[in-house]
Amino acid sequence: MQKERVKVGMKPREGEDRKETRKVGDNPALEDAWKRYKKSRCQRAKELLILEYLPLVKYVASRLAIGLPPSVEIDDLIGSGTIGLLSAVERYDPSRDNKFS
């Protein structure tokens, strides 16, 4: 079976599922983790948030790796993305009603 390339922004075909982006309010556990982390800087809550959003970092890194030279390792991209995620979690303010993604 031949894989088909899909352009960004294309609508899914009939019968295909579209991966929905998650909002903070969609998952009560995430919403609670954000509240605990922002209120008391709870490290367990921060770890939960990082683990929840790490697959997104891996996805973006794999997409970026396609257009980069082979000398750039995907593990380096994931490492840099993880550092960026750590920074983003610290700076994010859920009270502003923005989506974290």
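The following legends describe close-up views of a predicted model.

**Figure 1. Overall arrangement of the predicted protein.** The protein contains three helices and zero strands. Read from the N terminus, its elements follow the order α-α-α. Of the 101 residues in the protein, 18% are buried. Among contacts with a separation of 6 or more, 47% are made by residues 24 or more positions apart. The views below take up the helix pairs and then the salt bridges.

**Figure 2. Crossing of helices H2 and H3.** Helix H2 spans residues 43–66 and helix H3 spans residues 74–91. Their axes come within 8 Å and cross at roughly 140 degrees. An angle over 145 degrees would count as roughly antiparallel; H2 and H3 are therefore oblique to each other. The crossing in which H2 passes H3 is right-handed.

**Figure 3. Residues at the contact of H2 with H3.** On the H2 side, the contact is formed by Lys46, Leu49, Ile50, Tyr53, Leu54, Val57, Lys58, Ala61, Ser62, Leu64 and Ala65. These residues meet Ile74, Leu77, Ile78, Gly81, Thr82, Leu85, Leu86, Val89 and Glu90 of H3. Sorted by class, the contact of H2 with H3 comprises 14 nonpolar, three polar and three charged residues.

**Figure 4. Packing of helix H1 against helix H3.** Helix H1 covers residues 28–40. H1 and H3 pack at an angle of about 75 degrees, and their axes are 10 Å apart. This angle makes H1 roughly perpendicular to H3, because values from 65 to 115 degrees fall in that class. Trp34, Tyr37 and Lys38 of H1 meet Val89, Glu90 and Arg91 of H3. By class, the contact of H1 with H3 has three nonpolar, no polar and three charged residues.

**Figure 5. Salt bridge between Lys46 and Glu90.** The whole structure holds three salt bridges, and one of them is formed by Lys46 with Glu90. The closest N and O atoms of this pair are 2.8 Å apart. Is Lys46 buried or exposed? Its relative accessible area is 12%, and a residue under 20% counts as buried, so Lys46 is buried. Glu90, by its relative accessible area of 40%, is partly exposed.

**Figure 6. Surroundings of Lys46.** Lys46 has its place in helix H2. When its neighbours within four places in sequence are left aside, Lys46 is in contact with Tyr37, Leu86, Val89 and Glu90. Among these residues, Tyr37 belongs to H1 and takes part in the contact of H1 with H3. Leu86, Val89 and Glu90 are among the H3 residues that H2 meets. Val89 and Glu90 also meet residues of H1.

**Figure 7. Salt bridge between Glu31 and Lys35 in helix H1.** Glu31 forms a salt bridge with Lys35, and the closest N and O atoms are 3.8 Å apart. Both residues lie in helix H1, four residues apart, which is about one turn of the helix. Which of the pair is exposed, and which is partly exposed? Glu31 is partly exposed, with a relative accessible area of 30%. Lys35 is exposed, with a relative accessible area of 53%.

**Figure 8. Salt bridge between Asp32 and Arg36 in helix H1.** Asp32 forms a salt bridge with Arg36, with the closest N and O atoms 3.3 Å apart. The two residues are four residues apart in helix H1 and so are separated by about one helical turn. Asp32 counts as partly exposed at 38% relative accessibility. Arg36 is also partly exposed, and its relative accessible area is 33%.

**Figure 9. Glu31 and Pro94.** Glu31 is found in helix H1. How many residues lie between Glu31 and Pro94 in the count along the chain, and what separates their C-alpha atoms? The two residues are 63 residues apart along the chain, and their C-alpha atoms are separated by 8.6 Å. Glu31 is the residue that also forms a salt bridge with Lys35.

Conventions: Residues are numbered from 1 along each chain as its sequence is written. This is a predicted model: local features need pLDDT of at least 70, side-chain atom pairs count only at pLDDT 80 or more; totals for chains, interfaces and linings use all residues. Side-chain values use heavy atoms; hydrogens and water are left out. Axes are lines fitted to C-alpha atoms, for helices over the stretch in contact, and angles run from 0 to 180 degrees between N-to-C directions. Angles under 35 degrees count as roughly parallel, over 145 as roughly antiparallel, 65 to 115 as roughly perpendicular and the rest as oblique. A crossing is left-handed if the near helix is turned anticlockwise from the far one by less than a right angle, and right-handed if clockwise. Contact means heavy atoms within 4.5 Å. Ala, Val, Leu, Ile, Met, Phe, Trp, Tyr, Cys and Pro count as nonpolar, Asp, Glu, Lys and Arg as charged, and the others, Gly among them, as polar. A salt bridge is a side-chain nitrogen of Lys or Arg within 4 Å of a carboxyl oxygen of Asp or Glu. Buried means under 20% relative accessible area, exposed over 50%, partly exposed in between (1.4 Å probe, protein chains only).
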